[in-house]
Amino acid sequence: MQSNAIHFTNQKNHNIHLYVCKDYDTISKKAAGLVSGMVNVKPDCILGLATGSSPIGMYEKLAELYRDGITDYSKVTTFNLDEYCALPEDNDQSYHYFMREHLFAHINVPAENIHIPSGCAQDVETECRNYDAAIAAAGGIDIQVLGIGSNGHIGFNEPADAFIGSTHLVKLKDSTIKANARFFQSEADVPRQAISMGIGSIMAAKKILLIAHGANKAKAIAATLE
């Protein structure tokens, strides 16, 4: 696997491992190896998962590892980063649908171990509190998978001087709505709100795996590291 590794410690004493890979397939194999390695060492681990284009290749590799009998996900518990508000779970643009199509239909995580925020919850504040409580009750996330937007957003957390720590309701910015419009029939169909883990919830994970691909992510990665 062709990748260059750089290891360093930031000002908050976080150990950072930066892997620079030659192409998306290599990135996906490396990421899948890190996640499957966690599962193989700790079969009942807690995985934090993400949607978007960045982790799709990794999910394909994780499914291959299951089909080849290398990794068993039967004791794994998962928590997803976010979900649009007001989209039914069977809507093909919901993140419930995305995760079924790209991962859960292809591996053996029990349905009762899969957790994704409900964007159709009648009481969103309670849904958010219960989501964080469920993560804590499970023992915390062992490895949280992330993508990153070209402007540096993580989940639906936009870059800001101050971040909301816990899972919360987000009013989507116009730039995010326009960026996501390509997945919908029109910009008017893009939900205006979403539920997202907060930066505090994300940073509480024992390990974080951030996947980025393409020249349009270079500035965001540089700014994140710096």
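This report looks at aromatic ring pairs in a predicted model.

## About the model

Because the model is predicted, local features need pLDDT of at least 70 and side-chain atom pairs count only at pLDDT 80 or more, while totals for chains, interfaces and linings use all residues. Residues are numbered from 1 along each chain as its sequence is written, and side-chain values use heavy atoms, with hydrogens and water left out.

## Tyr84 and Tyr95

Searching the whole structure turns up 6 aromatic pairs (rings of Phe, Tyr and Trp, the last by its six-membered ring, with centres within 6.5 Å; planes under 30 degrees apart are stacked, over 60 edge-to-face, the rest tilted). In one of them, Tyr84 and Tyr95 have ring centres 5.0 Å apart and planes at 40°, so this pair is tilted.

Tyr84 sits in strand β5 (residues 82–84) and Tyr95 in helix α3 (residues 95–104), 11 residues apart. Helices (H or I, at least four residues) and strands (E, at least two) are DSSP runs, numbered from the N terminus. Both count as buried: Tyr84 has a relative accessible area of 2%, and Tyr95 is at 13% (buried is under 20%, exposed over 50%, partly exposed in between, with a 1.4 Å probe and protein chains only).

## Tyr84 and Phe156

Tyr84 also pairs with Phe156: the ring centres are 5.6 Å apart and the planes are at 50°, so this pair is tilted. Phe156 lies in the loop between β7 (143–146) and β8 (168–171), so the pair ties strand β5 to a part 72 residues apart in sequence. Phe156 is buried, at 6% relative accessibility.

## The cluster

Together with Phe184, the residues Tyr84, Tyr95 and Phe156 make up one aromatic cluster.
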